[in-house]
Amino acid sequence: MPTDMGELIVHKLVRNGAAAATALAAALALTACGSDDGDGGKDGGASAAPTAAAPTGAAAQGVSLAAAEGAWVGATDGKPVTLTVSKGGQAVVISEAHVCQGTAKEGAALTLALTCKDGDTTRTSGTVRSADGTQLVVAWDSGRTDTLSKPAAGVLPSNLPSIPSFPSLPPQS
């Protein structure tokens, strides 16, 4: 436990910097592993066929699990968001230092049911509204909507957070 204001500030900066570094590392890892479709590039790099156009009045119908597979990155309200969906339906979303994991399930619509270890509920239940192979839109029950893109192989997203610089501290005696 910090004993003075200087130590409190350092602990907070280290904790926030560690969270930002974790999010950055996860985004890099998800970007790298989500862009390879495992067939050696035989299909020209497309990992999923675009979904068929949804009938009028049913925007979420027709989005398959296969269309949502892979890593997706973007920014909502200026904050980076990454979503990864595996072939088996496992899903992980990382946003604002929250890491949430769970499943993606096909039904009348492709739905995401996630749990965040820190108790956050912003991105725990959502519906994939569209996925066309390059862009994925998720409408969350919290009212947020994320529009994410499939990153190009080997290219890092430009909107990742930076780690704040640490202030100089007086020497401890």
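Tutor: Buried means under 20% relative accessible area, exposed means over 50%, and partly exposed is in between, with a 1.4 Å probe and protein chains only. The model is predicted, so local features need pLDDT of at least 70 and side-chain atom pairs count only at pLDDT 80 or more, while totals for chains, interfaces and linings use all residues. Residues are numbered from 1 along each chain as its sequence is written, and side-chain values use heavy atoms, with hydrogens and water left out.

Student: In what order do the elements of the protein chain run from the N terminus on?
Tutor: Helices (H or I, at least four residues) and strands (E, at least two) are DSSP runs, numbered from the N terminus. The protein chain has 2 helices and 8 strands. From the N terminus on, the order is α-α-β-β-β-β-β-β-β-β.

Student: What percentage of the 173 residues in the protein chain is buried?
Tutor: The cut-off for buried is the one given above, under 20% relative accessible area. Of the 173 residues in the protein chain, the buried share is 34%.

Student: Is V138 buried or exposed?
Tutor: V138 lies in strand β7. That strand is mostly covered, with 5 of its 6 residues buried. The relative accessibility of V138 is 0%, so V138 counts as buried.

Student: Which residues does V138 touch, not counting those up to four places away in sequence?
Tutor: Contact means heavy atoms within 4.5 Å. With residues up to four places away in sequence left out, V138 touches L83, L112, T127, V128, R144, T145 and D146.

Student: Which residue in β8 is the bridge partner of V138?
Tutor: Two strands pair if DSSP finds at least two bridges between them. β7 and strand β8 (residues 145-149) run antiparallel and are joined by 5 bridges. They form a hairpin with 4 residues between them, and G143 in the turn has a positive phi of about 105°. The bridge partner of V138 in β8 is D146.

Student: Which residue stands opposite V138 on the side of β6?
Tutor: β6 and β7 also pair in the antiparallel sense, over 5 bridges. Their hairpin has 3 residues between the strands, where G133 takes a positive phi near 95°. T127 has A139 in β7 as its bridge partner. Opposite V138 in β7 stands V128.

Student: Which residue in β6 is the bridge partner of L112?
Tutor: β5 and β6 run antiparallel, joined by 4 bridges. In β6, L112 is partnered by G126.

Student: How many residues apart in sequence are the parts that the pair C100 and C116 ties together?
Tutor: A disulfide is a pair of cysteine sulfur atoms within 2.5 Å, and a search of the whole structure finds 1. C100 and C116 form this link, with their sulfur atoms 1.9 Å apart, and both residues are buried. C100 lies in strand β4 and C116 in strand β5, so the pair ties together parts whose separation in sequence is 16 residues.

Student: Which residue lies over the face of W72?
Tutor: A charge sits over a ring if NZ of Lys or CZ of Arg is within 6 Å of the ring centre and within 35 degrees of the ring normal. At 4.4 Å from the ring centre of W72, the residue over the face is K150.

Student: What is the relative accessibility of A97?
Tutor: A97 lies in the loop between β3 and β4 and has a positive phi of about 70° although it is not a glycine. E96 is found in that loop too, with a positive phi of about 45°, and E96 is partly exposed at a relative accessible area of 36%. A97 also counts as partly exposed, and its relative accessibility is 49%.
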